[in-house]
Amino acid sequence: PSVCNRLDRNTSGIVAAGRSLPGLQIMSEVIKDRSLGKYYVCVVRGIVKGEARIEGWLTKNEKTNQVSIRKEETPGSLPIRTAYRPLVSGNGYTLLEVHLITGRSHQIRAHLAYLGHPVLGDIKYGNRKMNERTGLKTQALCAQRLTFGRIPEENTLHYLSGKVIKLKDPQILQQFDALDKSKNA
């Protein structure tokens, strides 16, 4: 058995795995051709209004293990696409659902920070003062749902077409509720 997709350190949630080498290869192909939708929930600083699909260019610094986001392409950058929609806002924070369209290192965290809405608890791209005020020890980011699109009949994983795998009650929802009720955050 082996993992087909990874999560950033301190991100909770669902990962896909293959039980055998052929299963791993087939699942990796499903991920690569975007037949697998990856959805996250996160708590970000600020009030986010309305849904959006955002694009940009990501460059990774291998030495520092950090990425930077730009509006325009630069040498060595990779295209990124992220969609989000606010679920609920309160007390200066928003609980977002994020659809990871491309899957690059640190994409969600860096892209949202670039937009001025850093993920709560993120020590790499987040807001240190905000993190200290809330007392979170890990980032408020959770891979909550995987959705399988149409997988061709000749594919061994065809039986997964249209299936949804979802965490019922991720801890991040309680974290947001506690922030929304707190007066000193």
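Me: Which residue just after α2 takes a positive phi?
Reply: G116 does, with a phi of about 90°. Keep in mind that this is a predicted model.

Me: And α2 itself, which of its residues are buried?
Reply: Q107, I108, R109, A110, H111 and L112 are buried. Because six of the eight residues of α2 are buried, the helix is largely enclosed by the rest of the structure.

Me: What do those buried residues pack against?
Reply: Strands, namely β4, β5, β6, β7, β8 and β9.

Me: Let's take L112. What is it in contact with, leaving aside neighbours within four places in sequence?
Reply: The list is C42, V44, Y84, L96, V98, H117, P118 and V119.

Me: Which residues of the largest nonpolar core touch the most other members?
Reply: Y40, C42, L96, V98 and L112 do, out of 15 residues in that core. The elements giving two or more residues to this core are β4 (36-45), β8, α2 (107-114) and β9.

Me: What about a second core? Which residues does it include?
Reply: It is separate and has 13 residues, I14, L24, M27 and L146 among them.

Me: What's the general idea behind such cores?
Reply: In soluble globular proteins, nonpolar side chains tend to be buried together.

Me: New topic. How many salt bridges are there in the whole structure?
Reply: A search finds six.

Me: Start with E97. Which side chain does it meet at 2.9 Å, N to O?
Reply: That of R85, in a salt bridge. The pair links distant parts of the chain, with E97 in strand β8 (residues 93-100) and R85 in strand β7 (residues 78-90), twelve residues apart.

Me: E97 and R85, buried or partly exposed?
Reply: E97 counts as buried because its relative accessibility is 11%, under the 20% cut-off. R85 counts as partly exposed, at 34%.

Me: Which residue forms a salt bridge with E97 at 2.4 Å?
Reply: R145, with 2.4 Å between the closest N and O atoms. This pair links distant parts of the chain too: E97 is in β8 and R145 is in strand β9 (residues 141-148), 48 residues apart.

Me: Is R145 buried or exposed?
Reply: R145 is buried, and so is E97.

Me: Where does R145 lie relative to Y39?
Reply: R145 lies over the face of Y39, at 4.1 Å from the ring centre.

Me: While we're on rings, how many aromatic pairs are there?
Reply: The count comes to zero.

Me: Back to charges. What does D8 form a salt bridge with?
Reply: With R6, and the closest N and O atoms are 3.0 Å apart. D8 is buried, with a relative accessible area of 14%. R6 is partly exposed, with a relative accessible area of 47%.

Me: Where does D122 sit?
Reply: In the loop between α2 and α3 (128-134). D122 is buried, with a relative accessible area of 1%.

Me: What is D122 in contact with, again leaving aside neighbours within four places?
Reply: R109, N127, N131 and Q139.

Me: How far apart are D122 and L136?
Reply: They are 14 residues apart in sequence and 8.9 Å apart in space, C-alpha to C-alpha.

Me: And Q144, where is that?
Reply: Q144 is in strand β9. At 9% relative accessibility, Q144 counts as buried. Beyond its neighbours within four places in sequence, Q144 is in contact with I14, Y39, Y40, V41, I165, K166, L167 and P170.

Me: Last stop, the hairpin. Which strands form it?
Reply: β5 and β6, with four residues between them. In the turn, N65 has a positive phi of about 55°.

Me: In which sense do β5 and β6 pair, and over how many bridges?
Reply: In the antiparallel sense, over five bridges. Strand β5 covers residues 52-61.

Me: What stands opposite V67?
Reply: K60 does.

Me: Which residues are on the covered face of β6, and which on the uncovered one?
Reply: V67 and I69 are on the covered face. Q66, S68 and R70 are on the uncovered one.

Technical notes:
Residues numbered from 1 in each chain as written. Predicted model: local features only at pLDDT ≥ 70, side-chain atom pairs only at ≥ 80, totals over all residues. Heavy atoms only, no water. Buried < 20%, exposed > 50% of the residue type's maximum accessible area, 1.4 Å probe, protein only. Pairing = 2+ DSSP bridges. Phe/Tyr/Trp six-rings, centres within 6.5 Å; stacked < 30°, edge-to-face > 60°. Lys NZ or Arg CZ within 6 Å of the ring centre and 35° of its normal. Salt bridge = Lys/Arg side-chain N within 4 Å of Asp/Glu carboxyl O. Core = buried A, V, L, I, M, F, W, Y, C linked by side-chain atoms within 4.5 Å. Contact = heavy atoms within 4.5 Å.
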